[in-house]
Amino acid sequence: MNALRKDLEKLVPLAEQSAPDPGPWGLAFHLAPPTGWLNDPNGLCRFRGEYHVFYQYAPFDANGGVKFWGHYKSRDMLAWEQCPVMMCPDQPWDLHGVYSGSALCGEDGMYLFYTGSVKYDGGHDYIMTGRENNTALAFSPDGVHVEWKRLLMGPEDYPSGLSRHVRDPKVWEQDGRYYMVLGARTAESVGEVLVFASEDKLRWTHINTLRTPEPFGYMWECPDLFQLDGQWFLLVSPQGVEKTGPGFENKYACGYFPLYGDFRGDCTLGGFVPLDYGFDFYAPQTFRDGERRLLIGWMGMPDAEYSSPTATSGWQHCLTVPREVVCVDGRLRMRPATELEGLRGERREYAFSERRSIPLPQSAEIQVSWEGSLSLDLSGVRLEVADGLLTLTAETGGYGRTVRSAPAGSLREMRILMDTSALEIFANGGASVLTARWYPEGTERTLTLGGGGRAAVYALRPMTVTRP
Ligand code: FRU
């Protein structure tokens, strides 16, 4: 093992063991970093009966730093085990960060495709010069220890006409071949996705480029390409898209293009559809689990205009719960994976016809259905349905988060997963989802309902996380 990896693998547990208490906003059923900073989910898969969740992890600084791959695994997505960091920045091609990527499971082990980041010192723009985004592969025979890493492609191996921003390999097997999508920024600052093919996972050939007829943002991060009910979808997190209203109100967008035709040759992208309408959702990744497709997103936003006060307790950000993605009338919907129902404790039912307040546990699932109008207040977060929109207003505890809206359609029901400082709101059967962090003071939580309808509230048990 190289000396750098050896030392880093000793230092990370030291940082984790000396981490301060996560504080009042520590989460009950969302995966957060043991200490420090978390962003994108990586390498999601089910390998030899266990779900593996890797994530972008900067263990030494809650405000971000050099990226490792953190690691949790679980048999049921309720009881998690924290594993040692899967990958450290320890090679010449990934020295300044083991960036995002994906897993391909084989009989012999787990193949992890990732981006190795290198940034040069000096007066660079870090767009056209000064950085390398290398595509690399790591192999793990047991899904817990990496045996070897290898550089697959560097900037000189990518098609011409690109900037130095080319990253986030998502790899899958289809018809006896391997395919990879990579997010890219062209030299003209237009976002696109590169498609590669390989026979052996090691040598890759560029076979196609997916782009919109008109530029749509300057960079497409974290691509994912999959088929659901016969329809192909290209998931991306585009940067530089105009802020035009619901679904396009955050610093960066996140959503999908339906893809028509064959991604290997003639194909076109349909209109971009936002995947989530809340403040904190980015860089989601999907994976196949038997017949279903699951998705986990980063509950955060790069370069956000708002903040997270947990940084003062030494940690920042979390992942969404695992969600199932389904296709309804050619559009994607998301709903919590059914396993999450295993967290449900006591259930209480309420009818409301006038304003009514209900005390809540700190972690709860709330199901509301109503006729006519609805106003709902959750300890400082207000939800209202009016003028065809479901609007979330962070009145207190938003730390800069203000208002976000989602299309309401003929909305009559909603399901809310509420954690200590995280909200996932699934409306219209998952057609409109709002994901947000918020940081209410104290431990008391109250649900105030106005309008007319019914609510069912489950207390949610915390999931268990076994730490080393
Ligand atoms: C998205 C992203 C990826 C990159 C990773 C680095 O949030 O910028 O494009 O691989 O984060 O942490």
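This is a predicted model: local features need pLDDT of at least 70, side-chain atom pairs count only at pLDDT 80 or more; totals for chains, interfaces and linings use all residues.

Mentor: Start with the side chain of serine 432. One of its polar atoms lies 2.6 Å from the backbone oxygen of proline 407. Residues are numbered from 1 along each chain as its sequence is written, and side-chain values use heavy atoms, with hydrogens and water left out.

Now place the residue. Serine 432 sits in strand β32, residues 432–437. Strands here are DSSP E runs of at least two residues, and helices H or I runs of at least four, numbered from the N terminus. Serine 432 counts as buried because its relative accessibility is 3%. The scale: buried is under 20% relative accessible area, exposed over 50%, partly exposed in between, with a 1.4 Å probe and protein chains only.

Set aside neighbours within four places in sequence. Serine 432 is then in contact (heavy atoms within 4.5 Å) with Tyr277, Ala406, Pro407, Ile425, Phe426 and Ala427.

Glutamine 231 can be read in the same way. A polar atom of its side chain lies 3.1 Å from the backbone oxygen of leucine 259. Glutamine 231 is in strand β14, residues 231–239. With a relative accessible area of 17%, glutamine 231 is buried. Not counting residues up to four places away in sequence, glutamine 231 touches Phe226, Pro258, Leu259 and Tyr260.

Move to strand pairing. Strand β6 covers residues 110–119, and nine of its 10 residues are buried. Follow β6 to each partner. Two strands pair if DSSP finds at least two bridges between them. Strand β5, residues 98–105, runs antiparallel to β6, with seven bridges joining them. Strand β7, residues 131–140, also runs antiparallel to β6, and 10 bridges join these two.

Tyrosine 114 of β6 ties this picture together. Its bridge partner is glycine 101 on one strand. In β7, alanine 136 stands opposite tyrosine 114. Between β5 and β6 there are four residues, and the two strands form a hairpin. Glycine 109 lies in that turn, with a positive phi of about 160 degrees.

Positive phi also turns up in residues other than glycine. Methionine 77 is one, with phi near 65 degrees. Methionine 77 lies in the loop between β3 (68–74) and β4 (79–82). It is buried, since its relative accessible area is 4%. Aspartate 329 is another case, with a positive phi of about 50 degrees. Its loop runs between β22 (323–328) and β23 (331–336). Aspartate 329 has a relative accessible area of 77%, so it is exposed.

Valine 190 gives one more loop position. It lies between β10 (177–186) and β11 (191–198). At 21% relative accessibility, valine 190 counts as partly exposed. Beyond four places in sequence, valine 190 is in contact with Ala184, Arg185, Pro215, Gly217 and Tyr218. The C-alpha atoms of valine 190 and leucine 162 are 9.2 Å apart, and 28 residues separate the two along the chain.

Last, the cysteines. Searching the whole structure for disulfides (cysteine sulfur atoms within 2.5 Å) gives zero. For cysteine 105, the closest cysteine sulfur belongs to cysteine 45, and 3.7 Å is too far for a bond. Cysteine 267 is in no disulfide either; its nearest cysteine sulfur, that of cysteine 327, is 18 Å away. Cysteine 105 counts as partly exposed because its relative accessibility is 35%. Cysteine 267, at 24%, also counts as partly exposed.

Technical notes: A polar contact is a pair of N or O atoms within 3.5 Å; within protein, one must be able to donate a hydrogen and the other to accept it, and residues adjacent in sequence count only if both atoms are side-chain atoms.
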